[in-house]
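Student: Could you walk me through this structure while I look at it on my screen?

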Amino acid sequence: MISFRTSLARGGLIAALAVGCLAVAGASTATTPGQEAAVSTAPVQAPHGAYAGTATCLNCHDDRVDAITKGPHSHAFKPGNPMAPQGCQACHADTKAALGCEACHGPGKAHAESGDKSLIRNFESLTPTQASETCSSCHFRTEHTFWAGSQHDSRSVGCTTCHSIHAAEGPRQLKKATETELCSQCHRTIVNKTLKFAHMPVREGKLQCTSCHNVHGAANVKLLNAGTDVTQFCVKCHADKRGPYLWEHPPVTEDCTTCHDPHGSSNERMLVAKTPFLCQRCHVTSRHPPTVYEGYLLNNSTNANKIYGRSCVICHQQVHGSNAPSGKALLR
Amino acid sequence: MRNRLMICTAALVLASAYLAGAQETPQPETTSGGTIDIGGRFTTTDGDEARYERYRDLRDGVPANFFYKKITPNWTFDFEATNIGYRDQHYELNLNSKRVKLNAFFDQTPLNYGYYTRTPYNCTAGNCSLDLGLRTQVENGNAVGVPQSVGNLVTGSVYNSIANPFDLQSRRDTIGAELRLTATNNLDFIFGLNSYSRSGNMPLGAGFAFNDAVEMPVVIDDGDTALSAAVEWASHQGMFHVGYEHSKFSQNVPSYTFDNPQRATDYCVYGNPAVPPGACYDPSGYVNGRGPAYGRMSMAPENTLDTVDWMGMVKLPGKTTANASFNIGTNNQDAALIPWTTNSSINTPAVWAAFPELAELPRDSAQMRVNFALGTATVRSRAIKDVTLTGRYRFYSRNDFTREFDAIEYVRFDAVPEETGGNSEPFNINHNTLDVDAAYTGIPYSTIRVGYGYDEYEHGVRTTQGWQDNTARISYDLIGNQYLTLRAKYEHTNRDTINLSIAAIEETGSQPALRFYDEAARTSNRGTFIVELNPLADLGVNFSLSTGKNDYAGADAAQEFGLLDDKNTSWTLGANYAPSGKVNVGAEYGRETYTTVQESRNANPAPDPSWIDPLRNWTLTNDETVNYFNVYVDLIRAFTNTDIRFNYDYTDSDQSFVHGGPRIASLTAAGQFIPLPNVLNKWQQATVDVRYHVSKKLGFGLFYMYEKLDVEDYTAINSAGPQTLPVSALGAQNDTARIDWLGAITTGYAPRPYKGQTGIIRVFYEF
């Protein structure tokens, strides 16, 4: 068992590595403002003459005008975003401002003059990874911080797999009307679970996939958008289970999903199996726990109270942990 | 000369045209508008109305929704209000400008348990009381309190006479806000608030003895408030974010006292040789119910969580990106502790002489502190053409700094003092994960990835020191092809335990051949396969399959008891046809199967001979089969000015519990075994949403929802059925609850069927 001090040391090591990376990046990009943009964003690498201007693009692609008059990119108020009216930000420093269509599609003059589709960045012909590189040249803050190397990034799920600038059907430029519909394209069996007898309020519209998951990457496991592990994530909303308790139930402290399926279950309280049999997967080999709880007892014995209704937790109601001095068996 | 003039003129015209074109670059528009949606709702329900509503408020009335949005070149604003005035109302606003980005919301979400539920208890915050006169009758043997025999079931509990139906429901109110202030092009300040409170009642159990348990509708009044502040710096080379959050969980009902339905007074009879001289409790009180007049339990304690975190991302040369984070937090809990017991027969000098530790608590409050730390570091590089390399390291630790709490002497069920307790132990966790992956993208449309993962998990208190996972995985993804999308993945994991302690298992009173499945050695295999075919532009067919198996017994030859293996398979097949923007139809079928096998020995601890008697072994095979079906039809303006959306969802579950082994054979031979019936449920929902647009601004709508749940579950005890011998709990399912059954008084809350219909006639006006 390592100490808390060791944990801190590891954190410090990660911090040092991060600072080192920043230093490397800083050294490799220590350029004048005019050269600065040459690092990662293709559009501003080109000379001015390579750009056609948004108006030129719309001469042919007039069906795309909504993207720059109504879409979120049209109202990106921050300097540095495609349609921000601040101009090309002091010789391109950190900006795609006012580049319009060419902020994402690259310099288009050659394409406009020749009509050659190969001379413009067409997202439909890019791999998801390539497309994501364009998007992430701006969208890398906060919830996008962990995109690189994340589960979706690793499986060639890119920004354009889920989002569309020009043909969105749902909020946040989603390609489908709802998150559930979108996510179900790959996670069908998970989405189906929300229809089960015991479920979170997803099908009622009170929660959605991103209420729990940051699909763009996360520090926590399972793309959970907060907390440090599964349990510490769940207690963000179920803070009454946070404790710490005088008497912990270790599997609860370690991982809520040992007993609960948060996506839905056929059992009350979204348990992964029906009680008392779930409890008997561990508590099975002495005194009253290994009793065979079956129909005869249900009809003839006071042991029925361990089978019907709340089953084991009618007595062991503090199954998530007890703060009572006499609560070792989670009875108080 | 004329030619030159013409050329110059033409050039000027073209130039001016170009300039004009440049000047005509579309600019963001200023628009505003919204929708008022109001109507009349009518709901009818047969059966379990609360289950039909569950997280919704579908009462008759006038549901109203409002939406407004304004967009200008400099800012946007939107506001949304849904289900105004109902228990599931929601309000949200967003403001977005150059310097300020604000999101704020208020939400109510009900949790409806049952409207048929009944209870003899009168519950207020911190106390659930029972009629003293009836308790006295029961104590004196003049009435049945908690049924103890089949004969008692026929008579019924005396508490039925005062158990009236009530709405068992609670509600969660949440308010949240995030404010992002942009100080400079690179620097943001972010402030957050998230606060929820819970109110109402929830069912909670309590026991006085093995044969004397109750379920009460306890009053809940708690909540959590989290405040956060962060600074974020970003440029095109990377970003850095550092933040702080304080969260406080507040508990307005720190403990509960609850009356014993079997007793009006604490059991006290002197002269029992099994108890210390001068003491009067019954040492078998937790078995026979001769315990306290009332008990007391501790509710979720107040606590705080403070965290500081940072995260950063940097783009490096060679198409390489690195990100890292670190989070450190402290969870403090110092709630006042309730006494060892409320039982006046135990809180006496005579008992304290024999159990000196029970005279006072080791400390008055919990005095608990737990620290958390999380660190991650990920590097992804595409420095080599067509190859992506990813490495990720993650560690997590939970460090418990709480002093041990000595409870070797304690009081069980508020009924019996014992010396069989123990000391609390600090529960620590260290979790280290390393994943490395390599992906090759040189084949058109394809990504082939291989990876390896090492996962080491260490913890205290348990029967192992932890476990180590070694995982190999391979995946293939084919995407971007207009006719075919394919994703496949296979993963194999070997889990080995770290320092499995047989002694620790035996200390829990368990057989040495037991393994706890969440930390046991196992071999896991898991595979997923998804294919989507688009033979025509307007037709899509998809199929998915996933299957997995965890083999515990096979990974540890010494394991005999506990969960031996589990496996699951699920597949779906669906099709979608959208011949135009006006018509979209589709259907899908899915099926899941789950199987688990567990084994036990029905035994008392050694030296009882049952401890080593394999004839007392029994197994349980728990199978479940789940079916899904969905069909939908969307007709958007397929008919004049009319939108029609139809959707139907269906799911059913069939769960069986098959006991086996020599113990079952002997019980069967003795006429003391009745197999539990399968637990079944079938849920279906159909919705039709029709909207007719009279004009661009005005429309009428009709919404209809039909929902039905059929359920058969032996855990629900019905009031209907034979009231003469033999009484059977295993009757046909119905929606009327019986609150008095063998060994307990409950609220009757359980899975019960319903059929609900809701219709809404609405008018919507767009402005």
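This is a predicted model: local features need pLDDT of at least 70, side-chain atom pairs count only at pLDDT 80 or more; totals for chains, interfaces and linings use all residues.

Student: OK, how many residues of each chain are in contact?

Tutor: On one side there are 148 residues of chain A, and they are in contact with 224 residues of chain B.

Student: And how much area do chain A and chain B bury between them?

Tutor: The two chains bury about 15,000 Å² between them, and 58% of that lies on carbon and sulfur atoms. If you look for the three residues that supply more than any other three on the side of chain A, they are A:Arg155, A:Arg281 and A:Arg332, which give 6% of the area that chain A buries against chain B.

Student: How many residue pairs are in polar contact between chain A and chain B?

Tutor: There are 70 such residue pairs between chain A and chain B, counting those in which both residues have pLDDT 80 or more. Several helices of chain A give two or more residues to the side that touches chain B, including helix H3 (54-60), helix H8 (128-135) and helix H16 (295-300). The helix that gives the most is H1(A), with 13 residues. Sorted by class, that side of chain A has 62 nonpolar, 56 polar and 30 charged residues.

Student: What about salt bridges, how many are there over all chains?

Tutor: A search of the whole structure finds 50 salt bridges over all chains, and the count between chain A and chain B is 16. In one of these, B:Asp713 pairs with A:Lys274, with the closest N and O atoms 2.7 Å apart. In another, B:Glu592 pairs with A:Lys196, where the closest N and O atoms are 3.4 Å apart.

Student: Switching topic, which residues form the nonpolar patch on the surface?

Tutor: Nine names make up the list, if you count along: B:Ile36, B:Ile38, B:Val62, B:Tyr692, B:Val694, B:Phe700, B:Val763, B:Tyr765 and B:Phe767, and together they have about 750 Å² of accessible area. Strand S1 (31-47) and strand S38 (754-766) of chain B each supply at least two residues of the patch, while B:Phe700 is found in strand S35 (residues 698-712) of chain B.

Student: Last one, where are the cis peptide bonds?

Tutor: One runs from A:Gly243 to A:Pro244, with omega near 0°, and A:Pro244 has its place in the loop between helix H14 (230-234) and H15 of chain A. Another runs from B:Ala606 to B:Pro607, with omega near 10°, and B:Pro607 is in the loop between S31 and strand S32 (617-639) of chain B.

Terms used. Residues are numbered from 1 along each chain as its sequence is written. Chains are lettered from A and ligands numbered from 1 in the order in which they are written. Side-chain values use heavy atoms; hydrogens and water are left out. Contact means heavy atoms within 4.5 Å. Buried area is the accessible area (1.4 Å probe) that two parts lose on being put together, summed over both. A salt bridge is a side-chain nitrogen of Lys or Arg within 4 Å of a carboxyl oxygen of Asp or Glu. A polar contact is a pair of N or O atoms within 3.5 Å; within protein, one must be able to donate a hydrogen and the other to accept it, and residues adjacent in sequence count only if both atoms are side-chain atoms. Helices (H or I, at least four residues) and strands (E, at least two) are DSSP runs, numbered from the N terminus. Ala, Val, Leu, Ile, Met, Phe, Trp, Tyr, Cys and Pro count as nonpolar, Asp, Glu, Lys and Arg as charged, and the others, Gly among them, as polar. Patches are made of residues with over 30% relative accessible area and no salt bridge: like charges are joined within 9 Å, nonpolar side chains (Val, Leu, Ile, Met, Phe, Trp, Tyr) within 5 Å. Accessible areas come from the Shrake-Rupley method with a 1.4 Å probe; for residues, only the protein chains shown count as cover.
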